Amino acid sequence: MSKIIVIGSVSMDLVMETDRIALEGETVFGNRFSMFPGGKGANQAVAIGRLSQPEDEIIMLGAVGQDSFGSILLENLRENHIFVDNVGTVPQFSGIAQITLYQDDNRIIYCPGANGEVNPDSWTDEWKAFENADLVVLQNEIPHQANVAIAKFCKEQGIKILYNPAPARSTDMEMLDWVDYFTPNEHECQELFPERELEDLLNDYPEKLIVTLGTRGSIYSDGHQVHHIPALKTQPVDTTGAGDTFNGAFGYALSHGISVFEALRFATLAAHLSVQKFGAQGGMPTMKEMKESSYYEKTWDFE
């Protein structure tokens with residue numbers, strides 16, 4: 001059994017597929033438009049919820065707007081085995097991500113909306129949800145100061161934190177001393193540490209700094225040597241949400257006492273399966289689907 005709290009964005013993804021990217025002042029035709037629940041916080045919560053077992057407790061904290069999207073977003077979380085009693089509804093529009101799919105990759109414009117109103121200073125009952133938590137998961141689509149306040153509280157309470165600094169912002173370094181796992185992708189890592197060699201950097205933060213490398217997998221140091229966990233080859237249908245799937249699966253495995261190395265291998269398989277279907281959450285695998293894969297390791301020992 002594990003108890004995981006995810007604090008972050010809950011948004012609606014508006015997805016356009018196209019064969020051409022519009023130039024300045026140009027209009028082009030799209031091939032297909034779709035609408036999916038998303039947001040980095042909700043995505044990572046759903047990735048965890050899909051993998052969770054009935055005895056696990058997965059809790060989402062955040063905010064949605066007073067619009068037609070709000071109720072849809074909350075119901076989607078419930079359907080994925082996530083408790084939403086502490087997701088507030090605020091007099092704002094819900095967060096929106098405008099996603100363009102082009103040549104098997106994505107371009108995203110994000111507008112926070114209600115997610116920008118997440119403020120731990122106003123929390124009362126919300127803090128009670130942290131009792132006996134195994135892991136708290138954070139990202140960057142809520143205000144930085146909210147993340148700092150949550151991280152400091154968790155540090156004081158001895159609760160482990162997985163922090164995915166995405167999208168990257170200049171204040172991310174303030175979080176580094178407060179969290180247990182710091183998971184930028186390669187580009188975010190370069191923004192945060194522009195003058196450092198990756199291998200030296202990983203050795204400075206053993207089993208804390210995990211850098212994802214897209215189609216090349218992920219990399220981290222155990223304090224003795226640097227380990228590269230390669231990605232599993234596939235022809236992707238949609239890469240949107242692969243990073244969130246990876247972080248959610250990584251956190252779920254860690255909460256069950258699995259080592260960092262094996263948790264990363266588990267997360268790699270989850271991300272591999274996720275890109276084979278459409279939508280950020282569409283391909284996120286259940287534990288049953290993970291176990292049906294030929295890449296699943298019985299030694300991971302999930303009931």
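Biologist: How do the residues of the lining of the second largest pocket divide into nonpolar, polar and charged?

Modeller: They divide into eight nonpolar, three polar and two charged. Ala, Val, Leu, Ile, Met, Phe, Trp, Tyr, Cys and Pro count as nonpolar, Asp, Glu, Lys and Arg as charged, and the others, Gly among them, as polar. Please note that this is a predicted model, in which local features need pLDDT of at least 70 and side-chain atom pairs count only at pLDDT 80 or more, while totals for chains, interfaces and linings use all residues. Residues are numbered from 1 along each chain as its sequence is written, and side-chain values use heavy atoms, with hydrogens and water left out.

Biologist: What volume does the second largest pocket have?

Modeller: Its volume is about 200 Å³. A pocket is an open set of points on a 1 Å grid over the protein atoms alone, where a 1.4 Å probe fits, with protein on both sides within 12 Å along at least five of seven lines; lining residues have an atom within 4 Å of a point. The volume is the space filled by probe spheres set on the points, which are joined across faces, edges and corners.

Biologist: Which residues are closest to its centre?

Modeller: Of the 13 lining residues, those are Met16, Thr18, Gln98, Ile99 and Thr100. Strands β2 (11–18) and β6 each give two or more residues to this lining, and β2 gives the most, with four. Strands (E, at least two residues) and helices (H or I, at least four) are DSSP runs numbered from the N terminus.

Biologist: And how much space lies in the largest pocket?

Modeller: About 1,500 Å³. It is lined by 47 residues, with Asn185, Gly214, Thr239, Ala242 and Gly243 nearest the centre. The lining has 16 nonpolar, 20 polar and 11 charged residues.

Biologist: Turning to the largest nonpolar core, which members touch the most others?

Modeller: Phe250, Phe266, Met290 and Phe302, out of 50 residues. Helix α7 (residues 260–274) gives the most to this core, with nine residues. Such a core is a set of buried Ala, Val, Leu, Ile, Met, Phe, Trp, Tyr and Cys residues joined through side-chain atoms within 4.5 Å. Buried means under 20% relative accessible area, exposed over 50%, and partly exposed in between (1.4 Å probe, protein chains only).

Biologist: What does Phe266 touch?

Modeller: Not counting residues up to four places away in sequence, Phe266 touches Leu51, Ala249, Ala253, Met287, Met290, Tyr296, Trp300 and Phe302. Contact means heavy atoms within 4.5 Å.

Biologist: How many residues of α7 are buried?

Modeller: The helix is mostly covered, with 12 of its 15 residues buried. Those buried residues pack against α1, β10 (181–182), β12 (218–221), β13 (226–229), α6 and α8 (287–292).

Biologist: Now for α3. How far does that helix reach?

Modeller: Helix α3 (residues 144–157) reaches 20 Å from its first C-alpha to its last, close to the 20 Å expected for 14 residues. The expected span is 1.5 Å times one less than the number of residues. Gly158, whose phi is positive, near 75°, follows α3.

Biologist: Is His144 buried or exposed?

Modeller: His144 counts as buried because its relative accessible area is 9%. Leaving aside neighbours within four places in sequence, His144 is in contact with Arg169, Thr171, Glu174 and Met175. His144 and Arg169 are 25 residues apart in sequence and 8.9 Å apart in space, C-alpha to C-alpha.
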